[in-house]
Amino acid sequence: QRGFFGERTPIQVRQHGGAVLDVDLDATGNFVASTSSDCSVAVDHIDTSDANSGDNDGASLGWTETYSKPILSVALCPSFCSRTPGSRAAFVGGEEGRLLLATRGIFQTRYTTVHAGEGPISSIKWQGPLVAWANA
């Protein structure tokens, strides 16, 4: 469905019990990630036209994770929608002060600490092979 200037019409994704702190879209606009003050991160498939097209690599199209402290920022892999191994990934960071790479597999999510020790992660951007983040 298209809205003003050919853009998609707004949709609502309700995955959180607290205030939403950050959102990010993959490069195709088919997936949205959000973080919340309730310590959760959710990744949702928002384009239902191809949700069952057979392009799923076996991993769940979306997921929700809960952390011990609020996650302030999230950045989806630009190729999140692709079938490339390891593309179902997101960087998350928050009050705990660690930048984590969360990679979703068929049965579980793996976490790799990329950076820690300089305070809360307040912002993350991922473009191509580059990731930038800011500490609060």
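## Overall make-up

Of the 136 residues in the protein, 38% are buried (under 20% relative accessible area; exposed is over 50%, partly exposed in between; 1.4 Å probe, protein chains only). This is a predicted model: local features need pLDDT of at least 70, side-chain atom pairs count only at pLDDT 80 or more, and totals for chains, interfaces and linings use all residues. Numbering starts from 1 along each chain as its sequence is written, and side-chain values use heavy atoms, without hydrogens or water.

The protein has ten strands and zero helices. Both are DSSP runs numbered from the N terminus: E for strands, at least two residues; H or I for helices, at least four. The accessible surface comes to about 7,800 Å² (Shrake-Rupley method, 1.4 Å probe). Carbon and sulfur atoms account for 52% of that surface. Contacts are heavy atoms within 4.5 Å. Among contacts between residues at least 6 apart in sequence, 42% join residues at least 24 apart.

## The four-stranded sheet

Four strands form an open sheet in the order β5-β6-β7-β8, with antiparallel pairing. Pairing requires at least two DSSP bridges between two strands. The edge strands, β5 (71-76) and β8 (109-116), each pair on one side only. From one strand to the next, the twist averages 25° (axes are lines fitted to C-alpha atoms; angles run from 0 to 180 degrees between N-to-C directions).

Strand β7 (residues 98-104) runs antiparallel to β8, and seven bridges join them. Leu99 has His115 in β8 as its bridge partner.

## Around Gly94

Gly94 sits in strand β6 (residues 89-94). The residue is buried, at 3% relative accessible area. Beyond its neighbours within four places in sequence, Gly94 contacts Pro70, Ile71, Leu72, Pro120 and Ile121. Asn135 is 41 residues away in sequence, yet the C-alpha to C-alpha distance to Gly94 is 9.0 Å.

## Salt bridges

There are two salt bridges (a side-chain nitrogen of Lys or Arg within 4 Å of a carboxyl oxygen of Asp or Glu). One joins the side chains of Glu65 and Arg104, at 3.9 Å from N to O. Glu65 lies in strand β4 (residues 63-66) and Arg104 in β7, so this pair ties together parts 39 residues apart in sequence. Both Glu65 and Arg104 are buried.

Glu96 and Arg98 form a salt bridge too, with their closest N and O atoms 2.6 Å apart. Glu96 is partly exposed, with a relative accessible area of 41%. Arg98 is also partly exposed, at 32%.
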